[in-house]
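Visitor: Could you take me through this chain step by step, saying how each term is meant as we go?

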Amino acid sequence: MELDEVTISRAIVAEQSRILLEYLDVDVAVVGGGPSGLTCAALCAEKGVKTALIERKLSVGGGMWGGGMMFPRIVVQEEARRLLDRFGIASSEYAPGYYLASSVESVAKLTAAACNAGVEFFTLVSVEDVVMKGDGRVGGLVINWTPVEMTGMHVDPLTLACRYTVDATGHDAMIAHMIAHKGGDLPIRGERFMWADRAEAQIVGHTAEVFPGLVVTGMAANAVAGEYRMGPIFGGMLLSGEQAARVVLDGLGR
Ligand code: 48F
C-alpha cells in the first residue's frame with residue numbers, strides 16, 4: 001500500500017474536529033493537567049461523566065515532571081499511598097510514612113488512568129475567560145489556542161459549555177482569578193509560605209465549590225484559601241483531586 005499524506009491529514013482533522021464538536025458540551029471541564037487535575041478527571045470519567053481536560057501546554061503533568069528541583073522523584077505520605085497503589089504507581093518507603101515514587105512514572109500512570117477512563121484531552125488550549133449569564137453560575141469556558149495567547153495575535157476565541165468547571169491550574173488559580181477580576185464574589189486570599197505539614201493537612205478541606213459551578217483543587221485550592229504551600233510532596237494533590245471528583249459527582253447526582 002502506498003501511503004497518502006492527504007489521507008493521513010484527513011484522518012487527523014476529521015477525528016479531532018468530531019471530538020471537539022462532541023466536547024463543546026460536557027459535564028465537567030477540568031482546567032489544568034497537573035497531578036490534581038489528572039486525578040480529578042480520571043475519577044470523574046471512571047463514573048461515566050463526560051470529562052474534558054484542557055491543558056495550556058503541549059503536555060500534561062504540570063509541576064510533577066520536575067519532582068523537587070529537577071530531581072525526578074516525588075514524595076507521598078502514608079495517607080495518600082493508597083492512591084499511588086490505585087493508579088499502579090510503584091513506590092518505596094524511604095522513612096516511616098514517606099513514600100518515594102518516580103515523577104515520570106506518576107505522570108504517565110495518572111495520564112494512562114485518565115485515558116482509560118475516557119477523558120478527552122485538549123492540549124495547547126488555554127482558558128481565557130468563563131461564561132456567566134443571569135443565573136450567576138459558571139456555565140462554560142472561553143478557549144483559544146495557546147500559540148494565539150503567546151503571540152498576542154488578535155484572534156477571537158471559541159466557547160464550550162460545562163455543568164462543572166474544575167480549576168486545577170496550580171499556584172496561579174487562573175479561573176478563580178478570572179471570576180474575581182470581573183467582579184464575581186470570590187475572595188482569593190493568596191498562597192502563603194512553605195509549611196508542608198499544614199498545607200498537606202488542609203488541602204482537602206479547601207477543595208470545594210467556591211463559586212457556583214466552580215470547584216478548586218490542588219494548589220489552586222490552597223491559593224484561594226490563603227493556605228501554605230508544600231513543595232515536592234504530592235499526596236495532597238492526589239487527595240485533593242479525589243475530593244474534587246467527589247464534589248463534582250455529588251453535584252451531578254452521580
Ligand atoms: O501546577 P500544576 O501541576 O497544578 P497542581 O495539580 O499541582 C501542583 C504541583 O505540581 C506543585 C506543588 C505540589 O506540591 O506545589 O506545584 O495544583 O498544573 C497546573 C496546570 O494547569 C495548566 C498549566 O499549564 C499546568 O499544566 N494551566 C494553567 N493555566 C491554564 C492552564 C489555563 N488558563 N488554561 C489551561 N491550562
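Guide: Buried means under 20% relative accessible area, exposed means over 50%, and partly exposed lies in between, with a 1.4 Å probe and protein chains only. This is a predicted model, in which local features need pLDDT of at least 70 and side-chain atom pairs count only at pLDDT 80 or more, while totals for chains, interfaces and linings use all residues. Residues are numbered from 1 along each chain as its sequence is written, and side-chain values use heavy atoms, with hydrogens and water left out.

Visitor: Why does Met178 count as buried?

Guide: Met178 is found in helix H6, residues 174-181, where helices (H or I, at least four residues) and strands (E, at least two) are DSSP runs numbered from the N terminus. The residue counts as buried because its relative accessibility is 14%.

Visitor: Which residues does Met178 touch, not counting those up to four places away in sequence?

Guide: Contact here means heavy atoms within 4.5 Å. Ile143, 35 residues apart from Met178 along the chain, has its C-alpha atom 13 Å from that of Met178. With residues up to four places away in sequence left out, the residues that Met178 touches are Val127, Glu128 and Asp129.

Visitor: Which residue in S9 is the bridge partner of Val26?

Guide: Two strands pair if DSSP finds at least two bridges between them. Strand S1, residues 25-31, is mostly covered, with six of its seven residues buried, and S1 pairs in the parallel sense with strand S9, residues 158-167, over six bridges. Within S9, the bridge partner of Val26 is Cys162.

Visitor: And which residue in S2 stands opposite Val28?

Guide: S1 is also joined to strand S2, residues 51-55, by four bridges, and these two strands run parallel. Opposite Val28, the residue in S2 is Thr51.

Visitor: What share of the contacts with a separation of 6 or more joins residues 24 or more positions apart?

Guide: The secondary structure of the protein chain comes to nine helices and eleven strands, and 47% of its 254 residues count as buried. Among contacts with a separation of 6 or more, the share from residues 24 or more positions apart is 66%.

Visitor: What is the radius of gyration of the protein chain?

Guide: The radius is taken over C-alpha atoms, and the globule rule is 2.2 Å times the number of residues to the power 0.38. Along its principal axes the C-alpha trace spans about 55 × 55 × 40 Å. For 254 residues a compact globule would have a radius of gyration near 18 Å, and the chain agrees with this, at 18 Å.
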